[in-house]
Amino acid sequence: MKLSISLLAASLATADAGVWGNLRRRLSFEKVATYSPGSQVTDHCAIDRDQRAIENELARKTNESWQTAQQIYLQGGNSKSYALLTLSEPLRADVPKGTAVTGKNADGNEVAGKMYDTTASGAVNVKIQYATTDVQDSYVQCQVGALVGEDINMSGCFAGGENTITIGGQVYTYTYTPETENRSGRTIAGFSTQLEEKLKNGPNAPYTDFEYFRRYYGTSDYADQWVSAAFAGGQTSFTNGNADFSQYGMEGREQIIKKGTAYMNVFMYVLREFEDALDDCKRGCINCNDDPVHAWDEGVCFYTGSLEGQDGVASGYLLHELADKRSLDFRTGGPDGTDVDGQSKLNYDLMDLFALGNYQLQSGNCPSARKTKERIAQLMYVPMIQGSLRYAYKVDKLQGGEKEKAEGAAFAAAVLPRVHAANNEA
């Protein structure tokens, strides 16, 4: 389906003046691969930097680098950075989540943050989330977690040792070790392990696409189990679609892991964010849909990442990049799907749908937003099908080896539950 931007423009032209004013205000944020978010999501987009770090460590193919890759998968380093501080005296009162916090870095410059959680009076261990900016290139200046080497950035971390910090106007002395107590609250592993908790009580549960995978694999954290088994060189224990990764060496398991993290963990979490937006949507309410717009923006960020740039031309590591790669194979580039290179038609279509869904949520048109989300979900499976076909051909007709077999297995695992739901004998 090719959506026309003119359709969206026509909708905007007839919109209520208040909606139009809100929309113009929110379009000031940096674009995400041509999409204009209505909220700050630079920190969310940066999850692709964890994916890049994982892939870089996997490519080194040593036991040590693979241990590092697994720790980055589990602990992150680039998204939702926070410091774990130990206060020299207990908190003097309850401190709500989001309370402003200020301190200094090692150079004596101010560092801003906020309380990660609501924390009770008497606590001595506090989590402070670092402030983020609207500029993707400098969204946060403390990136540690499980990162190594040049990926670590501590220029904007709180100073180590014994120093002072101001929490809600109250000054406290703290101690901590920057190298080990700067962590990440958002991880690629968590995209899978937290799915059930985040989805089970939603007002629109059960969620169709999630249920395809949960029922097929017999577990909600299927993606994490897939990736973890590949790291261990072991076997999965699913209801259907089991895999034995002991038959692969590092060459094959590298493909299983890096495609699993991006195309299984991240894939379903993108859809989860869109569902979250729809759960929060208040029908017919003009000025109360900031939360669903933010959740929708997060979904777009997790689809695209930060490394695609504002125009979507640069190479990334998540689903947007996959669509462009498969477009080159199947020659479906350009707005009409007839070009042999350039951005995929799929991404042109999805960016139109992302923009349309954003507007529908802002205007409280929840039923239409749900239809838009359903079309997005349908299109997101296309690169998985293309990948399955590509590597089936490589293995069958071109005598592909371990790498090609592993890639085919990874793409199949990312789409088989959807195929099974349509026809369990296929």
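Helices are DSSP runs of H or I with at least four residues, numbered from the N terminus. The model shown in these views is predicted.

**View 1. Isoleucine 385 in helix 16.** Helix 16 covers residues 382-397 and includes isoleucine 385. The relative accessible area of isoleucine 385 is 42%.

**View 2. Glutamate 275 in helix 11.** Glutamate 275 lies in helix 11, which runs over residues 250-280. With a relative accessible area of 5%, glutamate 275 is buried, since the cut-off for buried is under 20%. Once neighbours within four places in sequence are set aside, the contacts of glutamate 275 are Tyr207, Arg370 and Lys373.

**View 3. The protein chain as the setting of the close-ups.** The chain has 17 helices and seven strands. Its radius of gyration is 22 Å, close to the 22 Å given by the globule rule for 426 residues, so the chain is as compact as a globular protein of that length. The C-alpha trace spans about 65 × 60 × 40 Å along its principal axes. Buried residues make up 51% of the 426 in the chain. Among contacts with a separation of 6 or more, 68% join residues 24 or more positions apart. The accessible surface of the chain is about 18300 Å², and carbon and sulfur atoms contribute 46% of that surface.

Notes
Residues are numbered from 1 along each chain as its sequence is written. This is a predicted model: local features need pLDDT of at least 70, side-chain atom pairs count only at pLDDT 80 or more; totals for chains, interfaces and linings use all residues. Side-chain values use heavy atoms; hydrogens and water are left out. Helices (H or I, at least four residues) and strands (E, at least two) are DSSP runs, numbered from the N terminus. Buried means under 20% relative accessible area, exposed over 50%, partly exposed in between (1.4 Å probe, protein chains only). Contact means heavy atoms within 4.5 Å. The radius of gyration is taken over C-alpha atoms; the globule rule is 2.2 Å times the number of residues to the power 0.38. Accessible areas come from the Shrake-Rupley method with a 1.4 Å probe; for residues, only the protein chains shown count as cover.
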